[in-house]
Amino acid sequence: MTTQTASATLFSELKSKIEHKQARVAVIGLGYVGLPLALLYTEQKFPVTGFDIDARKVSTLDQGGSYIFRIPATEIQAARAQGFSATADYSRLTAMDAIIVCVPTPLDEYREPDLSYITDTAKAIAPHLRAGHLVILESTTYPGTTEEVLIPILEKGNRQALKASRGGAASPQEFYVAFSPEREDPGNTSVARRDIPKVVGGLDAKASELAAALYGAIFNRIVRVSSPAAAEMTKLLENIYRCVNIALVNELKLLSLRMGLNIWEVIEAASTKPFGFQPFYPGPGLGGHCIPVDPYYLSWKAKEWDFNTRFIELAGEINTSMPYHVLESVAKALNRHRKALNGAKVLVLGLAYKKDIDDLRESPSLTIIELLQKEGAQVSYNDPYFPTVGKGRKYDLQMKCAPLENLGQYDCVLIVTDHSDYDYARIVQESQLVVDTRNATRGIESPKIVHC
Ligand SMILES: NC(=O)c1ccc[n+]([C@@H]2O[C@H](COP(=O)([O-])OP(=O)(O)OC[C@H]3O[C@@H](n4cnc5c(N)ncnc54)[C@H](O)[C@@H]3O)[C@@H](O)[C@H]2O)c1
């Protein structure tokens, strides 16, 4: 067989396996992104294996359990019946056809990109890489990561001198690489996962075609871009757009409060414009794994190009100041009741970074609780999604969820996350004072409510 034919065979064999749903799919990183993705492929009858270094996750899945609130254990059991299994054993990768990487991309203590999860994963994949593998990175990251970080590790660390296919002369020693960002909106059930268009950027035309075919099995629309870097930048543009617009409404909220205007009423009115306006809402600060983190991946990379991303810096400054604004608002509200924050009993409603989800990564509630405690407040919290809160990367709260009763005992009830399950009318009725950071009490008239 000539070199050309061998390479064509690698490509067409994988393409055909994908089209016949016989491609063995590996999903690395079974978190909020990877686990649902693995389940989507299993539902479509692909043979799927999940890989994770967290032994507890692997064993929970192996016992048919779930550790993500919105994924019921029955879904895991149904997937297992279809052949889905989880493992920490990377040697099983050789038997796979497509490898999708969904590991975390946080910031380090200096707010710089921490790519260690990606580099560790690449080092773990490399020895098991074989010709014809399709490797796709989904983790959000700066433009250039796939080509400058992931591929060099895969090429250097594999045992057969395999090279990523770059559109040049075909080789039987090639593997395929693409980047495809995840676009999940946790808690949002208005758009079916299948209907969220999937952006794909392959290193060359073959990689793009294979990745598009693989995602075409679970998404209705594939949007191809010219390179992995363009796909990486697309994700960052989406998240920076949100970050900057949220900062804008947060700033306008502060001004509106000073001017005695209700920013929520204003946003609602502006939203009636049928073109050119998209509503964003103010809040107690940014949370989640994406919006507070991803923009800094770009500002870090921009420095390499002697470029200052001023919008990102300004938005970051405003959004980071919001929990301090909440602290000040609670102190002022208590002051009007002739009470000091020091010693006051404060109940924080909602730990999750946004409503109706069980995710507290980067949640402003955690910062707010710490700030309140520093000022001497006696803080309790209630969140139906978190019976307890222990130690995280940046905090160590060691608290237990307080029951939502006897609310009159608190000097202030502070709404940080507007979970739908809360009965806000009852909360206002039973409380002495309610500070509302989310307009959760809209429609309820009471002098006890302070908007902030
Ligand atoms: N959560 C979201 O809503 C969301 C949305 C869009 C994009 N993203 C991006 O997707 C990526 C993953 O996010 P997530 O929310 O799923 O993170 P997560 O923390 O929920 O899950 C990541 C998983 O990867 C595992 N892991 C870490 N290192 C590993 C390794 N070397 N080998 C195998 N497994 C490993 C962890 O144990 C964990 O289970 C991030 O880059 C994030 O920015 C997340």
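**Cavity and fold**

Guide: The largest cavity is lined by P181, E182, R183, E184, R193, I196, P197, K198 and F219. This is a predicted model, in which local features need pLDDT of at least 70 and side-chain atom pairs count only at pLDDT 80 or more, while totals for chains, interfaces and linings use all residues. Residues are numbered from 1 along each chain as its sequence is written, and side-chain values use heavy atoms, with hydrogens and water left out.

Visitor: How is a cavity found, and what volume does the largest cavity have?

Guide: Rolling a probe the size of a water molecule over the atoms shows where empty space is left. A cavity is a set of points, on a 1 Å grid over the protein atoms alone, where a 1.4 Å probe fits but cannot get out; lining residues have an atom within 4 Å of a point. Grid points are joined across faces, edges and corners, and a volume is the space filled by probe spheres set on the points. The structure holds one cavity of 30 Å³ or more, and the volume of the largest is about 50 Å³.

Visitor: Which classes of residue form the lining of the largest cavity?

Guide: Ala, Val, Leu, Ile, Met, Phe, Trp, Tyr, Cys and Pro count as nonpolar, Asp, Glu, Lys and Arg as charged, and the others, Gly among them, as polar. Here the lining has four nonpolar, five charged and no polar residues.

Visitor: What share of the protein chain is buried?

Guide: Buried (under 20% relative accessible area, 1.4 Å probe, protein chains only) applies to 53% of the 452 residues. The C-alpha atoms fill a box of roughly 85 × 50 × 40 Å along the principal axes.

Terms used
On a 1 Å grid over the protein atoms alone, a cavity is a set of points where a 1.4 Å probe fits but cannot get out, and a pocket is an open set with protein on both sides within 12 Å along at least five of seven lines; lining residues have an atom within 4 Å of a point. Buried means under 20% relative accessible area, exposed over 50%, partly exposed in between (1.4 Å probe, protein chains only).
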